[in-house]
Amino acid sequence: MKHNYYDLVVVGSSFAATFFLKKYLSKAPLTAKVLVLERGYFYPHAERVKEQRGETTAFSKLNADPLTSIVNKNPEKEWIFQTAFGGNSNCWYGCTPRFMPSDFRMKSLYGIANDWPLSYDELEPYYSQTEELMSISGPDDTPFPKSSPYPLPPHLFTTVDKVLKKEYGNLYISQPTARARMAVNGRNACCANAVCHVCPVNAKFTIENSNMGVYEDERVELIFGAQVSNLDLQQNVAKKVYFVKDGKEHQVAAEAFALGTNAIFNANILLNSGDKNPYTGKGLGEQQGVQAMVYLDNLANVGGSTWVNANGYMLYEGDHRKEYAACLIESNNAPYFRLERGKWRNIIALRMVFEDLPLDQNYVATTADIMKPEVIFKGISDYTKKAIVKMKENLPGILACLPVEKIEYEEPYSTESHILGTTRMSNSAKDGVIDKHLIHHQYRNLFVLGSGSFTTYTPNNPTLTLSALSLFAADKSF
Amino acid sequence: MLRRKFLKLTGLGTGALVTIPTFGFATTSYEEAVTGILKKEIGYLDLDKKGIEKFIQDFSKDHDEKYRLKVRAMYLFGIEPEHSYTVNDIVRTYLLSTDFFLNQMNERKTVHYIGLYNPYVRPCTQPFSNLYYPAVTS
């Protein structure tokens, strides 16, 4: 380390940490001293593509295996994440719908769980900034209000999407996505390869290709291979952070700290530090997805330009959310087909994604190994289970505008690759861990970033919102 | 009882099959089994014979002897793709690795093998995408 004391220490280098830093650096003085502690290492995109081709690369063994980084007490429930520089930006699929305004007011509107401590309107300018930084492709006619157009044009519908668009208007839109519609900012245009975890053509936004200038900033010192275990919390202030690098223990003091790992490790660090907030680690969850394979008569599903071509909001908004969860529909454009003569592509895969709620039965706990948290997930809520039943009743009617032969449902997915809610946001410590500026209710110089902050778990993909929250928090706090 | 129905009912359509030796099993090679599966399932298409041979060569590189035994058994017992992931996978992988979908599913054209479908080797070859259906735009 270059210094003994920093203005800001950030733990992690994924979306939450990077967008927080981006805003912080835009406001901090030129003399600011920032330290970033990243447990993983840089694994360049080009080397990841080589690995996918079956070629050997020295980078493939650098980063810890996520599966052995936690103790998962329920192996049927998967938790997907990466421990490398750039975190989950390396493996995400680039879906970036905004939340709906109602998602922030679940208690007020539906009597469910809690309201978020901030509104859609407060976050809206930061959604726009995030979309600009990520060069998001998207349509003009969205079901959520927008103050600015998407930076890139929307992706193209398939023939089936077009029928649904005609029927449902702005409830069926080209999916807003970080898979670029056209070449931009060093990225190529997406061409629907549908293997987005490592994009073959480098079309999706990642921290590596972001060109945000965060880690090149002279004020920022980035240390790889530095795994944080806990914080020194004294008299309602975070004083130091403890970490291990190359097998040796280190500590560093700072004016402010920002935890930007994922919702499992942020909670583990807080619990290891003695945080007694009753919600810390509690309510671990995510959305629940179910695949519907819709067989069509005499309509080939062709012509889309990306992986998820469209989002449908036909089962999302409404008073039904007093009783059961909202559902967001994803129109999937992977190269699936029927083995039936003359009907090869007369099929569409719709991923039905349901919101869920934080439950105390699902949580993160510490173990004897301070670096290795235990993850307990006993199941999704009845609120979500009921929505799945209702969806199966309602989907045939929703799809009546299509020549449907039959609908087959697959088993619910074991993961949507999101990790939410272990440090939920609230107006006070009575209902949560952090405030709307992502600052810990008790430790006022400690930010806890990322999707762990979510008060409820809307059906939408979390990355755009957690990145906008980081911009919002840094803008309002510095 | 029909053999196919029996297999379905007893579950022998899966792994248990590989333990049943028959005369056909001893004389049918893995290559013949893959070819037989393709001809049985999509033989109504004009399949390029040399292309099938090359496909089998490429496809087999990542599959061990146990897998090959399984494929031979699946073929000999006439297991349908809807009852076997293995059979389903062979037919789907073959078709995606040909120009059949790139030719917009034209069943009258000869189907040529291009190379194993792999977006990391040949990006932008998703055959249902807008690149291959330029007339279909939003």
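The legends below describe close-up views of a predicted model.

**Figure 1. Chain B, a chain of helices.**
Chain B contains 6 helices and 0 strands. Along the sequence, the elements of chain B follow the pattern α-α-α-α-α-α. The chain has 138 residues, of which 46% count as buried. Among the contacts in chain B with a separation of 6 or more, 63% are between residues 24 or more positions apart.

The largest nonpolar core has 83 residues. The residues with the most contacts inside this core are L8(A), V9(A), L37(A), L123(A), F205(A), L231(A) and L446(A). Leaving aside residues up to four places away in sequence, L446(A) touches L231(A), L233(A), A238(A), F257(A), L259(A), L270(A), L438(A), I439(A) and H440(A). Another core, of 56 residues, lies apart from the largest one. Its members include Y110(A), A267(A), L299(A) and M391(A). In soluble globular proteins, nonpolar side chains tend to be buried together.

**Figure 2. The largest cavity.**
The structure holds 3 cavities of 30 Å³ or more, and the largest of them has about 70 Å³ of space. The lining of the largest cavity consists of R179(A), C190(A), C191(A), A192(A), N193(A), A194(A), V195(A), C196(A), C199(A), P200(A), V201(A) and A203(A). By class, this lining has 10 nonpolar residues, 1 polar residue and 1 charged residue.

**Figure 3. The second largest cavity.**
The second largest cavity has about 50 Å³ of space. Around this cavity stand H45(A), R48(A), N90(A), H197(A), V198(A), C199(A), K204(A), T206(A) and E208(A). The lining of the second largest cavity has 2 nonpolar, 4 polar and 3 charged residues.

W307(A) is located in the loop between β9 and β10 (308–312) of chain A. With a relative accessibility of 11%, W307(A) counts as buried, as this value falls under the 20% cut-off. Not counting residues up to four places away in sequence, W307(A) touches Y93(A), C95(A), R179(A), A192(A), A194(A), C196(A), S331(A), N332(A), N333(A) and A334(A). W307(A) and N333(A) are 26 residues apart in sequence, and their C-alpha atoms are 5.0 Å apart in space.

**Figure 4. Aromatic pairs within chain A.**
Over all chains, the structure has 34 aromatic pairs. One of them is the tilted pair of F157(A) and Y172(A), at 6.2 Å centre to centre and with 35° between the planes. F157(A) lies in the loop between α5 (120–134) and α6 (159–168) of chain A and Y172(A) in strand β4 (residues 172–174), so the pair ties together parts that are 15 residues apart in sequence. Both F157(A) and Y172(A) are buried. Elsewhere in chain A, ring pairs link F99(A), F104(A), W116(A), Y120(A), Y127(A) and F454(A) into a cluster.

**Figure 5. An aromatic pair between the chains.**
The ring centres of W344(A) and F101(B) are 6.2 Å apart and the planes are at 80°, so the pair is edge-to-face. This pair crosses between chains. W344(A) belongs to the loop between β11 (327–332) and β12 (347–354) of chain A, and F101(B) to the segment after α6 (85–96) of chain B. W344(A) and F101(B) are both buried.

**Figure 6. The second largest pocket.**
About 970 Å³ of space lies in the second largest pocket. Its lining has 34 residues, and the closest to the pocket centre are M293(A), Y336(A), F337(A), E410(A) and R92(B). Two or more lining residues come from each of β9 (288–296), β12 and β15 (404–409) of chain A and from each of α3 (30–42) and α6 of chain B. The lining divides into 20 nonpolar, 4 polar and 10 charged residues.

**Figure 7. Two residues with positive phi.**
S417(A) is not a glycine, yet its phi is positive, at about 65°. S417(A) sits in the loop between β15 and β16 (446–448) of chain A and is partly exposed, with a relative accessible area of 37%. M105(B), also a residue other than glycine, has a positive phi near 60°. M105(B) is placed in the segment after α6 of chain B and counts as buried at 15% relative accessibility.

Definitions and conventions:
Residues numbered from 1 in each chain as written. Chains lettered and ligands numbered in written order. Heavy atoms only, no water. 1 Å grid on protein atoms, 1.4 Å probe; cavity = no way out; pocket = protein on both sides within 12 Å on 5 of 7 lines; lining within 4 Å. Points joined across faces, edges and corners; volume = space filled by probe spheres on them. Nonpolar A, V, L, I, M, F, W, Y, C, P; charged D, E, K, R; others polar. Core = buried A, V, L, I, M, F, W, Y, C linked by side-chain atoms within 4.5 Å. Buried < 20%, exposed > 50% of the residue type's maximum accessible area, 1.4 Å probe, protein only. Contact = heavy atoms within 4.5 Å. Phe/Tyr/Trp six-rings, centres within 6.5 Å; stacked < 30°, edge-to-face > 60°. Helix = DSSP H or I, 4+ residues; strand = E, 2+ residues; numbered from the N terminus.
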